[in-house]
Amino acid sequence: MFKGIYNGKQCHLADIATVLSRAWSAGVDRIIVTGGSLEESKKALEIAETDGRLFCTVGVHPTRCKEFEESGDPEQHFQALLSLAQEGVQKGKVVAVGECGLDYDRLHFCPPEIQKKYFEKQFELAHVTKLPMFLHMRAAAEDFCEIVERNKEKFSAGVTHSFTGSAEDCDKLLSFNNMYIGVNGCSLKTTENLDVVKGIPVERMMIETDSPYCEIKNTHAGITYVNSLWPSKKKEKYDQNCIVKGRNEPCLVRQVLEVVAGCKGINDMNQMCRTIYHNTCGVFFPHDLDSAADALLADHHDSQ
């Protein structure tokens with residue numbers, strides 16, 4: 001979509017530079033580009049190398065796990081992932097293993113047994129590289145938590161991103177001391193979703209866009225709390241000064257923050273913002289956690 005291609009049709013020119021510029025102007029500090037297959041992870045690393053503020057993950061999404069067996073040599077495929085992750089760590093660009101996990105909502109892409117086998121296998125990547133995990137859990141909480149429990153010693157920390165589960169699912173995840181819960185537009189669709197988000201401690205939360213997907217739509221329950229708005233136009237009427245209607249962008253992460261604060265009844269977002277930023281740095285950028293926190297505090301004082 002950031003190449004201007006939607007469902008195979010070119011609607012406008014590639015505009016990733018414009019999208020990134022809008023993100024930096026909106027106060028986004030860093031962006032993690034997510035890999036969902038071996039090929040996608042290679043491309044994510046290439047993109048991450050174009051800017052000092054871009055980073056990436058290496059891993060295989062649950063819906064793509066058939067690629068291990070379709071490669072003809074699952075172990076060789078795994079070793080290629082490991083080599084890529086190690087290369088990216090050396091370059092200071094790969095900050096997590098993922099996106100991996102279980103997705104029982106879309107079993108037509110990959111059956112559960114294959115998903116489980118290669119979800120478990122990817123914990124070895126984290127164990128060898130000492131990277132945290134960027135995780136996906138959709139309608140699969142029981143099997144997901146069982147696998148995480150078995151492998152909890154193999155990874156330092158992780159985030160279960162794009163969380164849309166129940167309060168019970170949330171409690172299961174929070175029972176792992178090294179697990180955070182990632183919230184985006186998909187997490188804020190219904191009043192039930194908002195009730196669950198209300199119960200996630202800020203100390204165990206991260207926010208994200210998951211762009212180009214998971215925007216906060218006008219039909220979402222969370223929309224009432226959104227204050228930051230950008231002009232938008234349909235892709236067919238592309239205008240670089242506007243966001244593309246229906247395509248999510250990193251600059252919109254502030255909207256997620258506003259909805260989380262709104263549903264939790266928090267008027268002053270500064271402290272919550274600092275805590276969530278600290279959580280994120282603690283997992284993905286531990287080496288510069290102190291300097292990042294100091295810079296954020298300085299920014300905060302400057303803006304008073």
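Strand β4 (residues 54–58) and strand β5 (residues 94–103) are paired in the parallel sense over three bridges, where pairing requires that DSSP finds at least two bridges between two strands. Thr57 has Ala96 as its bridge partner in β5. Strands (E, at least two residues) and helices (H or I, at least four) are DSSP runs, numbered from the N terminus. The model is predicted, with local features needing pLDDT of at least 70 and side-chain atom pairs counting only at pLDDT 80 or more, while totals for chains, interfaces and linings use all residues. Residues are numbered from 1 along each chain as its sequence is written, and side-chain values use heavy atoms, leaving out hydrogens and water.

The two strands belong to an open sheet of seven, ordered β3-β4-β5-β6-β7-β8-β9, with parallel pairing. At the edges stand β3 (31–33) and β9 (205–207), each with a single partner strand, so one side of each has no neighbour in the sheet. From one strand to the next the twist averages 30 degrees.

Two helices may be followed against this sheet. Helix α9 (residues 253–264) lies across β8 (179–183) and β9, and runs at about 140 degrees to β9. Helix α10 (residues 269–284) packs on the sheet and touches β3, β5, β6 (133–138), β7 (158–161), β8 and β9, its direction making about 95 degrees with that of β9. Contact here means heavy atoms within 4.5 Å. Axes are lines fitted to C-alpha atoms, for helices over the stretch in contact, and angles run from 0 to 180 degrees between N-to-C directions.

Two packed helices are described by the angle between their axes and the distance between the axes. The axes of helix α2 (residues 38–48) and helix α4 (residues 74–90) come within 10 Å and cross at roughly 10 degrees. That makes α2 roughly parallel to α4, a term for angles under 35 degrees. From α2, Leu38, Ser41, Lys42 and Leu45 meet His77, Ala80, Leu81, Leu84, Glu87 and Gly88 of α4. The residues of this contact divide into five nonpolar, three polar and two charged. Ala, Val, Leu, Ile, Met, Phe, Trp, Tyr, Cys and Pro count as nonpolar, Asp, Glu, Lys and Arg as charged, and the others, Gly among them, as polar.

On a 1 Å grid over the protein atoms alone, a cavity is a set of points where a 1.4 Å probe fits but cannot get out; a pocket is an open set with protein on both sides within 12 Å along at least five of seven lines, and lining residues have an atom within 4 Å of a point. Grid points are joined across faces, edges and corners, and a volume is the space filled by probe spheres set on the points. The second largest pocket holds about 390 Å³. Its lining comprises 17 residues, of which Glu215, Ile216, Asn218, Ser232 and Ile243 lie nearest the centre. One cavity of 30 Å³ or more is counted, and the largest cavity has a volume of about 40 Å³. Residues lining the largest cavity include Asn184, Glu208, Cys214, Glu215, Ile216 and Gln255.

Some backbone details remain. Most residues other than glycine have a negative phi, and most peptide bonds are trans. A cis peptide bond joins Gly98 and Glu99, with omega about 10 degrees, and Glu99 lies in strand β5. Another cis bond links Ser211 and Pro212, with omega about 15 degrees; Pro212 is in the loop between β9 and β10 (232–233).

Definitions and conventions. Angles under 35 degrees count as roughly parallel, over 145 as roughly antiparallel, 65 to 115 as roughly perpendicular and the rest as oblique.
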